[in-house]
Amino acid sequence: MTAPSSRSMLPLGKRPPGRWALKARFVVADLPEGRRLVPDGEVVIENDKILWVGRDFEGEVSARYDMGDALIGPGFVDLDALSDLDTTVLAMDNQPGWKKGRVWAADYAPRAYEMYSQDELAFQKRYAFAQLLLNGITSALPIASLFYRTWGETVAEFEAAAVAAEELGIRVWLGPAYRSGGVILDERGAMKPVFDEERGLSELAEAAAFAKRVHGSANGLISGMFAPDRVETCTETLLRRTFAHADNMDMPVRLHMAQGEMELQTMRRLHGVTAPEWLDRLGALSPRLIAPHATVATEDDLARYASHGVTVAHCPLVSARHGSALKCFSRLKAMGIRIGMGTDTAPADMVLNMSVGLMMNRLAEGRGDAGSSADVYDAATIAGADALKRQDLGRIASGAKADIAVFDMADSMIAPRIDPIQTLVYGATGRVTRATIVDGRISMRDGEVAGIDLTAARGQAQRQFDGLVAKYPDRTFQHPPVEEIFPPSYPLTHHSSEVSR
């Protein structure tokens, strides 16, 4: 007999035994005829896969969990997922960024040191993965800052990241970031590129060996990828070898490019062209390439992306915080450019990113009907999965992986609902995520993440972040004190006075 409906709690950190069903007021279903909404629908799951989606499953299930007034949809695919204690937030009001530690001072570069310990680096990945799960993100390509590093990321910290991903239950593509060089500020404050190609090639070799070793591990939760740092920090040899490895191992390459004025000026000084044109000359533009953020891409750059099948990882929240924008989502889509979504800042909130992205699109287009909630929702699910060549992700369909997010449509929503997708996107917060399921396992439920004490972790994260901020004067141009680098919004006072009537 079919198990009766139950509102009992999903078992955190476990797969419910046997074949089981998840039921809600709305279900997103990916059917042969296209994406559809199923009212009062259910999803039937067996082991790590979706067996069936629709209404009133007639077969036997061991349990049926009724989520009530909720939306069941595919988990989000984050192509530029924050795996850091985000330092970009320090540059929001503290400008110019180059003068606030976002570019190394020349006298610091020769003595650069790791500002986090190995244990701290391992913790930040675990903590960041938990934040992704809290926001319904089931697949992630981690990104972190290199400003506080000696050079690039290390295999050791990514070994720890793989352990964290398996224990918390999140699907990740892992690869340490590496580079051939960077930009420093000379004694006059002028920006100057510096390179050490052999160091970059050595790190690439280590990253390739790591990617090969971990690919397919943790029952398929862990995949390898290549993550060369920002394009202006890479030499031609480093990129040619990167894409040769990726082609041989059939793995994605994520390379930040066409993302800012400093990059644009550096690329023109080094190569005389924009980053996408340089990559095109190298023969490196392909469907394998995921390219955040495209905010300074030219018309010709965008045409190159379209003709070569490059996926743009659109991260509208962090772009807007820096005063830049994709120009624009609807136009890129009309050009045939593949667009996935990323977070790349704190909070790691994909719903907020979809909302900001849709608003920015309409502002750039100058009309209120440019794009839709469905467009950005598809970008955060289907398009991201397609960029990774994973037709079994980003979808609620028979045979797809059971990577699912459940969103509250009642208690957490402050506005009346007209449509669940529109309500989710315009609500602009991932805090309505009630459950996140990865590979059929309940990784997050009602604000709890399996494998981590979030209350203790939040305190540790703040202490660790405070320790990093205290070291900023070491690398900042002319080494001003912390209070000068990051002044408070209002002057601090330790006095109080009675307000006169």
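Where does Pro488 lie? Pro488 sits in the segment after H15. The model is predicted: local features need pLDDT of at least 70, side-chain atom pairs count only at pLDDT 80 or more, and totals for chains, interfaces and linings use all residues. Residues are numbered from 1 along each chain as its sequence is written, and side-chain values use heavy atoms, with hydrogens and water left out.

**Overall build**

- The chain has 15 helices and 23 strands. Its radius of gyration is 23 Å, close to the 23 Å that the globule rule gives for 501 residues, so the chain is as compact as a globular protein of that length. (The radius is taken over C-alpha atoms; the rule is 2.2 Å times the number of residues to the power 0.38.)
- Helices (H or I, at least four residues) and strands (E, at least two) are DSSP runs, numbered from the N terminus.
- Along the principal axes, the C-alpha atoms fill a box of roughly 75 × 70 × 50 Å.
- Of the 501 residues, 59% are buried. Buried means under 20% relative accessible area, exposed means over 50%, and partly exposed is in between (1.4 Å probe, protein chains only).
- Take the contacts between residues at least 6 apart in sequence: 77% of them join residues at least 24 apart. Contact means heavy atoms within 4.5 Å.
- The accessible surface comes to about 20,300 Å², and 51% of this belongs to carbon and sulfur atoms. (Areas come from the Shrake-Rupley method with a 1.4 Å probe; for residues, only the protein chains shown count as cover.)

- Pro488 is partly exposed, at 42% relative accessibility.
- Pro488 and Asn94 are 394 residues apart in sequence, yet 9.6 Å apart in space, C-alpha to C-alpha.

- Glu153 is in the loop between strand E9 (137-143) and helix H2 (155-168).
- Glu153 is buried but has no salt bridge; Lys125, the nearest side chain of opposite charge, is 4.2 Å away. A salt bridge needs a side-chain nitrogen of Lys or Arg within 4 Å of a carboxyl oxygen of Asp or Glu. For charge, Lys and Arg count as positive and Asp and Glu as negative; His and the chain ends are not counted.
- The Glu153 side chain reaches the backbone nitrogen of Ala177 at 2.8 Å.
- Beyond its neighbours within four places in sequence, Glu153 is in contact with residues including Lys125, Phe158 and Ala177.
- Which residue forms a salt bridge with Lys125? Glu157 does, with the closest N and O atoms 3.8 Å apart. Glu157 lies in helix H2 and Lys125 in helix H1 (residues 118-134), so the pair ties together parts that are 32 residues apart in sequence.
- Glu157 is buried at 1% relative accessibility. Lys125 is buried too, with a relative accessible area of 1%.
- Leaving aside neighbours within four places in sequence, Glu157 is in contact with Gln118, Leu121, Lys125 and Arg149.

**Other salt bridges**

- A search of the whole structure finds 36 salt bridges.
- Glu42 and Arg64 meet in one, at 2.6 Å, N to O. Glu42 lies in strand E3 (residues 34-46) and Arg64 in strand E5 (residues 63-66), so the pair ties together parts that are 22 residues apart in sequence.
- Glu42 is buried, with a relative accessible area of 2%. Arg64 is buried, at 7%.
- Asp247 and Arg288 also form a salt bridge, at 2.8 Å, N to O. Asp247 lies in helix H4 (residues 236-249) and Arg288 in the loop between helix H6 (275-281) and E17, so the pair ties together parts that are 41 residues apart in sequence.
- Asp247 is partly exposed at 46% relative accessibility, whereas Arg288 is buried at 13%.
- Arg15, Asp48, Lys49, Arg171, Lys401, Asp403 and Asp439 are linked in a network of salt bridges.

**Backbone features**

- The peptide bond from Pro292 to His293 is cis, with omega near 10°. His293 is in the loop between strand E17 (289-291) and helix H7 (299-308).
- Ala294 is found in the loop between E17 and H7. Its phi is near 65°, a positive value in a residue other than glycine. Ala294 is buried, at 4% relative accessibility.
- Gln478 has a positive phi, near 65°. Gln478 is in the loop between helix H14 (472-475) and helix H15 (482-485), and is exposed at 62% relative accessibility.
- Ala346 and Pro347 are joined by a cis peptide bond, with omega about 0°. Pro347 is in the loop between strand E19 (338-341) and helix H10 (350-365).

How values were computed: Polar contact = N/O pair within 3.5 Å; in protein donor to acceptor, adjacent residues only side chain to side chain.
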